[in-house]
Amino acid sequence: MSRAGVTSARNVAVSPTERRSVSVVWDGLLFESNNVHRKLILFVKKLLFLAIALALFAFVLRPPSVQAQEQTTSSAIRLRVLSYNIHHGQGTDGKIDLDRLANVIRSVDPDLVAVQEVDQNTHRNGMVNQVETLAARTGLHGKFAKQIDYDGGEYGQAVLSKYPIKSLEVHWLPGDPIRERRIVGVAEIQLHETPLRFATTHLHHARADLREKQATELNRLLANGNAPVIVAGDFNAKPASIAMQTLQTKWRIATSDTMLTFPARSPNRQLDYVAMYPANSWRIVESEVLNEPVASDHRPLLVEIELETHSEPIPE
């Protein structure tokens, strides 16, 4: 082959018509490529939308048991707690009427009730078991905390609860053994997955020094560890007293303002309280003194509170 032949083979001439044909083909390929790309993006978007829709549908239709479990783990436990000194069942009209007291308790649908000045099988009450009677007429579980022997029977306090009461222990508080020893009755109650100690107490009515010692002992007995505790009762102390200040070092008091509970007919001071421990694990929803001037010489105190079951404390 001659050199001229080699040269003509390496330098093939392309006509303008051929160049236009190649360009059209190349542009067509680019167009097809872009079109496929757009279709792919649209397909992915549709697939993602479908996945989100299916996830939302599955969430809405999840079984009730799963919904209840999620609600339990993500929300606080709300409780209605009543503190009531019932004056051994005797109202300001001089009548002993447990039905009347039961109606007062039942009317506010409490979860927990701390009851003070309770008779068990005493002569003055016709040998009636007041705890069993109140429990039956309110539909609540009941346990008695004996304080002293009295009038052929016993006298003390009680706990009523919507939840089964696993046990109840009585602890002596510092006081005057000659007249009436003071106690705190501590019930063990299971709130769903959360154990709770719920206590009733009745501090000394006359001596501030004994109330202060009793408050200190309540702190020692109950305000320790991380488990939730509620103590409620007739503290016989004004909000600004040293006894209440002692309790406030450990407890959250469920009444931020003074709420008059005694005497029932025309109350002029607060003697009845609900306190919660640990202080930063509880939130006060609301509190009120029930407008009941006859059933006892004290008006009942009702508080609604929430226990935060997560590890993070509730902000003050």
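The structure holds 13 salt bridges, a salt bridge being a side-chain nitrogen of Lys or Arg within 4 Å of a carboxyl oxygen of Asp or Glu. The model is predicted, with local features needing pLDDT of at least 70 and side-chain atom pairs counted only at pLDDT 80 or more, while totals for chains, interfaces and linings use all residues. Residues are numbered from 1 along each chain as its sequence is written, and side-chain values use heavy atoms, leaving out hydrogens and water.

One of these salt bridges pairs E306 with R78, whose closest N and O atoms are 2.6 Å apart. This pair links distant parts of the chain, with E306 in strand β12 and R78 in strand β1, 228 residues apart. Helices (H or I, at least four residues) and strands (E, at least two) are DSSP runs, numbered from the N terminus. E306 is buried at 14% relative accessible area, whereas R78 is partly exposed at 41%; buried means under 20%, exposed over 50% and partly exposed in between (1.4 Å probe, protein chains only). Both residues belong to a salt-bridge network that links R78, R80, R283, E304 and E306.

Turning to the strands themselves, β1 (residues 77-85) and β12 (residues 301-307) run antiparallel and are joined by seven bridges; two strands pair if DSSP finds at least two bridges between them. They sit in an open, mixed sheet of six strands, in the order β3-β4-β2-β1-β12-β11. β3 (141-150) and β11 (282-289) stand at the edges with a single partner strand each, so one side of each is left without a neighbour in the sheet.

In helix α6 (residues 208-222), R220 and E217 lie three residues apart, about one turn of the helix, and their side chains meet in a salt bridge (2.7 Å, N to O).
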